[in-house]
Amino acid sequence: QVQLVESGGGLVQAGGSLRLSCAASGRTFDIYNMGWFRQAPGKEREFVASMRNGGRTYYADSVKGRFTISRDYAKNTVSLRMNGLKPEDTAVYYCVAGLFTSSDYDYWGQGTQVTVSS
């Protein structure tokens, strides 16, 4: 089992920045891929960004150039630096982790709220 705990959400004005962090515990040596999803009110959950072991990153088109994902392998954390925030970035952000043995995300955090005011 892997446990994921997010932190860093909050309220920010449009154009501002926030940094989300997620700490993994448990069988962290099985983790291959970590990332973030988000879900806005009334909308489906959507992919935001991910980073595989070795450093390859993926971003949703809507956040490219504004968000940066990073991982600290020694601390088993993943972070999401969000710049140039827009009201449409308002959502609950979920940390996710995928294992070496899986092609999907196997573990999800409880979510952290990000609210961007106009």
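Mentor: Gladly. In β11, the bridge partner of Y93 is T112. Keep in mind that this is a predicted model.

Trainee: What makes β9 and β11 a pair of strands?

Mentor: Pairing asks for at least two bridges. Strand β9 (residues 91-99) and β11 are joined by 3 bridges, so they count as paired, and they run antiparallel.

Trainee: Which residues of β11 are on its covered face, and which on the uncovered one?

Mentor: In strand β11 (residues 112-117), T112, V114 and V116 make up the covered face, while Q113, T115 and S117 make up the uncovered one. In a regular strand, side chains alternate between the two faces of the sheet.

Trainee: Why is S50 called buried?

Mentor: Its relative accessible area is 2%, and buried means under 20%, so S50 qualifies. S50 lies in strand β5 (residues 46-52). Beyond its neighbours within four places in sequence, S50 is in contact with N33, M34, G35, R56, T57, Y58, I69 and Y105.

Trainee: What makes the contact of D89 and R66 a salt bridge?

Mentor: The nitrogen has to be within 4 Å of the carboxyl oxygen. For D89 and R66 the N to O distance is 2.7 Å, so the pair counts as a salt bridge. The two are 23 residues apart, with D89 in the loop between β8 and β9 and R66 in the loop between β6 (57-59) and β7 (67-72). At 1% relative accessibility D89 is buried, and R66 is buried at 13%.

Trainee: Which other partner does D89 have, and what does that salt bridge tie together?

Mentor: D89 also meets R38 in a salt bridge, at 2.9 Å from N to O. Since D89 lies in the loop between β8 (77-82) and β9 and R38 in strand β4 (residues 31-39), the pair ties together parts that are 51 residues apart in sequence. A network of salt bridges links R38, E46, R66 and D89, and the whole structure has 5 salt bridges.

Trainee: What about the rings: how many aromatic pairs are there, and why is the one of Y32 and F100 called tilted?

Mentor: There are 5 aromatic pairs in the whole structure. Y32 and F100 are 5.3 Å centre to centre with 45° between the planes. That angle is neither under 30 degrees (stacked) nor over 60 (edge-to-face), so the pair is tilted.

Trainee: Why is the pair of F37 and F47 edge-to-face?

Mentor: The ring centres are 5.6 Å apart and the planes are at 80°, over the 60 degrees required, so the pair is edge-to-face. F37 lies in strand β4 and F47 in strand β5, 10 residues apart. At 14% relative accessibility F37 is buried, whereas F47 is partly exposed at 26%. Ring pairs join F37, F47, Y94, Y105 and W108 into a cluster.

Technical notes
Residues are numbered from 1 along each chain as its sequence is written. This is a predicted model: local features need pLDDT of at least 70, side-chain atom pairs count only at pLDDT 80 or more; totals for chains, interfaces and linings use all residues. Side-chain values use heavy atoms; hydrogens and water are left out. Helices (H or I, at least four residues) and strands (E, at least two) are DSSP runs, numbered from the N terminus. Buried means under 20% relative accessible area, exposed over 50%, partly exposed in between (1.4 Å probe, protein chains only). Contact means heavy atoms within 4.5 Å. A salt bridge is a side-chain nitrogen of Lys or Arg within 4 Å of a carboxyl oxygen of Asp or Glu. Rings of Phe, Tyr and Trp (its six-membered ring) pair if their centres lie within 6.5 Å; planes under 30 degrees apart count as stacked, over 60 as edge-to-face and the rest as tilted.
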